[in-house]
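Work through the exercises below with the sequence and the coordinates at hand. Each task is followed by a stepwise solution.

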Amino acid sequence: MEELKPKSLNFLEEIVQADLAAGKYPQGIFTRFPPEPNGYLHIGHAKSICLNFGLAQEFGGKTNLRFDDTNPITEETEYVESIKKDVAWLGFSWANELYTSDYFETLYQYAVQLIEKSLAYVDDSSAEEIASQKGTPTTPGVPSPYRHRSVEENLDLFQRMRAGEFPDGAKVLRAKIDMSHPNMHMRDPFMYRIRHVEHHRTGNAWCIYPMYDFAHGQSDSMEGITHSICTLEFDVHRPLYDWFIEKLEIFPTHQYEFARLNLSHTVMSKRKLLQLVNEKIVQGWDDPRMPTISALRRRGFTPASIQNFCDRIGVAKRDNLIDISLLEFCIREDLNKSANRYMAVLDPVKLVITNYPEGKTEDLLIENNPEDESTGKRSVPFSRELFIEREDFMVDPPKKFFRLGPGLSVRLKGAYIIQCESFELNDNGSVKEIHATYNPESKSGQDTSGIQVKGTIHWVSIPHAEVAEVRLFDRLLIVEDASELGDDFMKFINPESIQVLDKVYVEPALKEAQVEKAVQFMRKGYFCLDKDTKDGHLVFNRTVTLKDTWAKQQK
């Protein structure tokens with residue numbers, strides 16, 4: 001028997017393995033997941049979560065969950081709670097729950113140290129003036145007229161900034177580095193700005209807030225983070241983080257960058273997702289058309305499917321676009337093994353079995369999941385009048401149509417073989433009712449009829465059917481790659497991204513369905529009960545079709 005080859009390590013795993021082998025971190029590795037609480041997490045964050053927590057798990061380390069809450073204008077406690085829920089739902093637990101606001105006093109003292117070393121100064125220039133001072137990537141910047149203030153004056157002004165003496169925008173604290181540096185981020189970047197805004201955790205205790213580029217590396221250092229994992233756009237910020245750490249002489253955490261996840265037919269910017277919510281293009285952050293983790297959960301995705309997806313796309317050093325069909329493949333693969341099968345008729349037409357006794361009900365046993373025998377069987381009521389799918393009957397069927405038509409026979413799933421005898425039409429020419437006869441000797445599991453049929457269709461007993469609302473979801477955008485659209489992305493919203501079927505008939509066992517737990521509607525796809533369900537009104541979301549119909553349509 002051929003031996004299974006060990007899975008090759010990604011470049012981050014190789015780095016961690018080499019660091020541990022060299023004894024660089026005898027206390028073990030420490031990673032962190034540092035989201036800003038200014039929106040709900042999306043599938044791109046799921047990749048980062050799986051990477052940070054996964055690395056720590058693989059190498060016996062720990063991971064902090066740290067909220068980068070340095071911008072009180074955009075941050076809310078609602079987002080904090082949603083992030084915690086998402087990380088836990090994905091299957092990860094954190095060593096410590098921390099907030100950058102925990103470090104506000106320490107960060108302030110760090111800023112004071114840099115001022116005392118003549119490495120930071122208070123600037124009264126306007127934002128426009130500072131932008132013009134910075135120059136361009138090909139031309140050097142010019143020093144601010146306030147760059148040479150004395151240490152004493154800077155300390156006094158910075159303390160007064162903290163005390164609230166100045167209005168928003170009146171002054172900023174800047175690092176004093178190099179106005180001709182080839183890296184624009186090194187041209188005297190902002191460290192602090194004034195914002196008289198209540199913070200979701202510290203209230204009105206502060207009116208100056210550290211910039212992300214100042215707070216990020218120092219927060220990692222204070223926590224002893226050994227491997228600071230960031231997406232590629234932070235590559236040009238790393239020299240600045242290293243400069244702060246060097247000048248402050250604190251624990252030298254190191255940053256490593258990987259390619260962010262770009263998913264087709266959607267947007268992956270919290271600002272754009274918030275726009276969709278605010279303009280009511282979607283019903284909220286957890287609208288099942290959104291790429292947020294909460295939306296995927298509501299739609300019926302499982303933690304295992306998302307972890308598998310993140311594992312399959314790997315960890316790269318170059319940005320690329322991942323087709324959303326791979327994410328759908330991962331959930332199909334998972335649900336095929338785990339989801340119980342039920343019968344639901346989405347586009348119903350009435351079928352009457354004319355030789356079946358009126359008023360009779362028969363309880364048939366049907367397997368819950370042929371992929372997992374341990375799930376057993378359930379009882380499904382059968383009667384004379386049924387609903388079947390309209391597409392399973394044709395008035396004039398072509399050759400090789402193995403479902404129902406005049407004179408054709410088909411098996412009803414878990415029940416009997418029937419033959420179509422006649423049908424009735426509505427005034428508009430659509431089929432109103434189908435009449436068929438059944439063979440009593442053809443019962444599934446006890447068939448002695450000798451009749452061979454090539455097709456099996458699902459059904460629901462009319463007297464026992466439950467009525468449900470079913471929501472069918474499709475791609476959010478009609479274009480594959482939204483990265484070049486900018487703010488014009490709203491023009492490319494798919495008008496058919498949601499279709500609502502308000503009268504779907506389902507078997508009675510689906511009254512026991514659980515919210516966010518996907519099931520298979522036989523031959524139709526995977527669905528899950530939605531939180532909008534109320535007594536007497538079932539609502540199901542389609543998680544994914546059984547096959548990749550989108551790819552087929554594009555071809």
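This is a predicted model: local features need pLDDT of at least 70, side-chain atom pairs count only at pLDDT 80 or more; totals for chains, interfaces and linings use all residues.

**Exercise 1. Which residues of helix α1 are buried, and what covers them?**

Step 1. Helix α1 spans residues 11–21, and its buried residues are F11, L12, E13, V16 and D19.

Step 2. The cover over these buried residues includes α2, β8 and β9 (254–258).

Step 3. Now look at the ends. At the start of α1, the backbone nitrogen of L12 has a side-chain oxygen of N10 within 3.0 Å. After α1 comes G23, with a positive phi near 70°.

Step 4. For the spacing along a helix, recall that an α-helix has 3.6 residues a turn, so residues three or four places apart point the same way.

**Exercise 2. Repeat the analysis for helix α8: which residues are buried, and which elements do they pack against?**

Step 1. In α8 (residues 238–248), the buried residues are L240, Y241, W243, F244, I245 and L248.

Step 2. These buried residues pack against α4 (104–116), β5, β6, α7 and β9.

Step 3. Just past the end of α8, E249 has a positive phi of about 55°.

**Exercise 3. Is D188 buried or exposed, and which residues does D188 contact?**

Step 1. D188 sits in the loop that connects β5 (172–175) and β6 (190–194).

Step 2. The cut-off for buried is under 20% relative accessible area. D188 has a value of 0%, so D188 is buried.

Step 3. With neighbours within four places in sequence set aside, D188 is in contact with Y121, K134, R147, R174, A175, K176, I177, D178 and M179.

Step 4. For Y121, there is also a polar contact of 2.8 Å between its side chain and that of D188.

**Exercise 4. Trace the pairing of β18, β19 and β20, and find the partners of I418.**

Step 1. Strands β18 (residues 409–412) and β19 (residues 417–425) run antiparallel and are joined by three bridges. The hairpin they form has four residues between the strands, and G414 has a positive phi near 70°.

Step 2. β19 and β20 (residues 431–438) also run antiparallel, with seven bridges. This hairpin has five residues between its strands, and G429 in the turn takes a positive phi of about 95°.

Step 3. I418 stands opposite V410 on the β18 side, and its bridge partner in β20 is Y438.

**Exercise 5. In the seven-stranded open sheet, which strands stand at the edges?**

Step 1. The strand order is β12-β25-β26-β27-β23-β24-β13, with mixed pairing.

Step 2. The edges are β12 (341–342) and β13 (344–345); each has a single partner strand, so one side of each lacks a neighbour in the sheet.

Step 3. For β13, the pairing is with β24 (residues 498–506), antiparallel and through two bridges. Within this pair, A344 stands opposite V506.

Notes. Residues are numbered from 1 along each chain as its sequence is written. Side-chain values use heavy atoms; hydrogens and water are left out. Two strands pair if DSSP finds at least two bridges between them. Buried means under 20% relative accessible area, exposed over 50%, partly exposed in between (1.4 Å probe, protein chains only). Contact means heavy atoms within 4.5 Å. A polar contact is a pair of N or O atoms within 3.5 Å; within protein, one must be able to donate a hydrogen and the other to accept it, and residues adjacent in sequence count only if both atoms are side-chain atoms.
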